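Here is a short report on one protein chain. It covers the fold first, then the pocket.

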Amino acid sequence: MSEEQDIFDGDLLWRWVATENPQMMRYDSVTNEELGPSSAAFKPHEDGTSVYVRRILDECDVGPTSISDSPQNSVWELEAKSIREQELDVIPDAWPQGIPNPDHPRNAAHALIVGWDNLSRKQVDKRAKALARLASCVFHPQKRLP
């Protein structure tokens, strides 16, 4: 599938989060239990925030453990409508260039959360925090024993 598809409000989007990076996860201050992704996990890079459209992943038979190359990454899900309610948007970005494993089928489902460009740092932080709180866990790796 090489043509770009529309992303509908009801589409579910997956974002992988590097759980080994403590800045990407929130922790309970007393128990140190992982609570979910932090706002850092949803902050944009120069082109936006990468996500994968689940509907297209399903068509390509790609599951949550295959959207990243590390088994220590967790996968979190958001509905496109929730992102748009934060005054951001989601656009198709199938087969992005300059990435590891560019021919992996997951890349047919690649999309970007955009709309960050004209926001202040405080507005970016607020929206990234909202996305992190709205995300639901799809996959979380088992903790490694010491």
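## Fold

Helices here are DSSP runs of H or I with at least four residues, and strands are E runs of at least two, numbered from the N terminus. On that basis, the protein chain of this predicted model has 3 helices and 8 strands. Their order along the sequence is β-β-β-β-α-β-α-β-β-α-β. The radius of gyration is 15 Å, close to the 15 Å from the globule rule for 146 residues, so the chain is as compact as a globular protein of that length.

Along the principal axes, the C-alpha atoms fill a box of roughly 50 × 35 × 30 Å.

## Burial, contacts and surface

Of the 146 residues, 40% count as buried. Among contacts with a separation of 6 or more, 74% are between residues 24 or more positions apart.

## Largest pocket

The largest pocket has a volume of about 520 Å³. Its lining comprises 26 residues. Closest to the pocket centre are Arg15, Trp16, His45, Ser50 and Tyr52.

Which strand gives the largest share of the lining? It is β1, with 4 residues. Strands β1 (12-18) and β4 (49-53) each supply at least two lining residues. By class, the lining of the largest pocket splits into 12 nonpolar, 8 polar and 6 charged residues.

Key:
Residues numbered from 1 in each chain as written. Predicted model: local features only at pLDDT ≥ 70, side-chain atom pairs only at ≥ 80, totals over all residues. Heavy atoms only, no water. 1 Å grid on protein atoms, 1.4 Å probe; cavity = no way out; pocket = protein on both sides within 12 Å on 5 of 7 lines; lining within 4 Å. Points joined across faces, edges and corners; volume = space filled by probe spheres on them. Nonpolar A, V, L, I, M, F, W, Y, C, P; charged D, E, K, R; others polar. Rg over C-alpha atoms; globule rule 2.2 N^0.38 Å. Buried < 20%, exposed > 50% of the residue type's maximum accessible area, 1.4 Å probe, protein only. Contact = heavy atoms within 4.5 Å.
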